Amino acid sequence: MLPKTTTILLSLLAALSAAAPAAAETRGVERPPDVQLNCPTIQYEPGQRMLVDFFAMDPDGGDVAISWDMDDDGAYDDPGPDPAWPNENEARFTTRGPHTIRAKAVDDEGHEVADECVVRILDHAPKAVIEVRSTYGFENTTIGLDATGSQDRDGTIVGYEWDLDGDGSYEQSGPKTTVAFPKPGRYPVGLRVTDDAGNTATAQQSLRVSSLVAHIGAIRGVKVTKKRTKRNPAKPHGRFSVNGDVTRIDAFTLTRLPKMAVMDYWCEGSGCFRGTNPVKQLRTRAIFDFPLIGWEMRAGDTILIKVDCPGFKVRTIRITARAGQPPLVR
Ligand SMILES: [Ca+2]
Ligand SMILES: [Ca+2]
Ligand SMILES: [Ca+2]
Ligand SMILES: [Ca+2]
């Protein structure tokens, strides 16, 4: 049996020989710490409290100091977790949209590692709306596009971008723009709007461009078919440009109007671009130029003009657009 002192010495040597290689290995590596943030994925209301989970450690077993940026300013100067809940830090944002949470871990060897994650405060996407006076146009003629009808229910729209050649990339900005095409055809245009929280929405509109070549002469002396003893003598005259199924009114006049004639006029049909509400016009002149110039109709659309005056029977004049032909006026 070995003396007691020898036994203690041997035990010490054994302990040292077991510990020595591990200690040398640790000193040689000095690994950086690890920090991982885990932001909640749901969207919160402004001002609502949210918790960000995190994990931090130094693989060498040393202490890790963590500093926080919880207010989106990029500076690690904000409070850390409540000691009672050491693995989650509390965040609260009042402005809508995305916010970045950042944490920086420093170990006792001075190694620095940072991580970040993004939280979102609830914000609704905007709605993109393209308004055009007419989806029909003529070659080399500008077509106005208006995006001011776009809306954001919980903020404002801060960006308007246009894709005017339909290739999916947005090359123009601003709430209003114009476009012109050199050749007849169908042209898609796109709009992308961005709200103040960075949400986007898009809208598309197809424009049809026609050739302004088929121009027909004035329609004069259209025969009035209804026989009445006291027939309203209003007589229509018109000049129209017809291209395919698009008919544009270049001029329209009623002559031989009885005194105090009252006129309503409106358009019926899917291609009516303006004037679907009746407009009363009171004229005491014998000739009245209708403000229909520039109106465009598609084949089948009808403009109705109701002429009413004391002592005469009400008369309704119908101008019906036809594909490739002068409109029918009756
Ligand atoms: Ca370390
Ligand atoms: Ca900060
Ligand atoms: Ca919004
Ligand atoms: Ca484009």
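Two strands are treated as paired if DSSP finds at least two bridges between them, strands being DSSP runs of E with at least two residues, numbered from the N terminus. The structure is a predicted model, in which local features need pLDDT of at least 70 and side-chain atom pairs count only at pLDDT 80 or more, whereas totals for chains, interfaces and linings use all residues. Residues are numbered from 1 along each chain as its sequence is written, and chains are lettered from A and ligands numbered from 1 in the order in which they are written.

Strands S1, S3 and S5 form an open sheet in the order S1-S3-S5, with antiparallel pairing. The edges are taken by strand S1 (34–38) and strand S5 (88–92), each of which has a single partner strand, so one side of each is left without a neighbour in the sheet. On average, neighbouring strands of this sheet are turned by 25° against each other, direction ignored; the strand axes are lines fitted to C-alpha atoms. Strand S3 (residues 49–57) is joined to S5 by five bridges, and the two run antiparallel. Within this pairing, Val 52 stands opposite Asn 89 in S5.

A further open sheet consists of three strands in the order S8-S10-S13, also with antiparallel pairing. Its edge strands are S8 (131–132) and S13 (176–179), each pairing on one side only. S8 is connected to strand S10 (residues 143–146) by two bridges in the antiparallel sense, and Val 132 has Leu 145 in S10 as its bridge partner.

Val 129 lies in the loop between strand S7 (112–121) and S8. Val 129 counts as partly exposed because it has 16 C-beta neighbours inside 10 Å; a residue is buried with 20 or more other C-beta atoms within 10 Å of its own, exposed with 12 or fewer, and partly exposed in between, C-beta atoms being placed from the backbone. Leaving aside residues up to four places away in sequence, Val 129 touches Ala 147, Gly 149, Ser 150 and Ala 203, contact requiring C-beta atoms, placed from the backbone, within 7 Å. Gln 151 is 22 residues from Val 129 along the chain, and their C-alpha atoms are separated by 8.0 Å.

The side chains of strand S18 (residues 261–268) alternate between two faces. S18 pairs with strand S22 (residues 302–308) in the antiparallel sense over seven bridges, and Glu 268 stands opposite Thr 302 in S22.

Methods:
Helix = DSSP H or I, 4+ residues; strand = E, 2+ residues; numbered from the N terminus. Contact = placed C-beta atoms within 7 Å. Axes fitted to C-alpha atoms, helices over the stretch in contact; angles between N-to-C directions.
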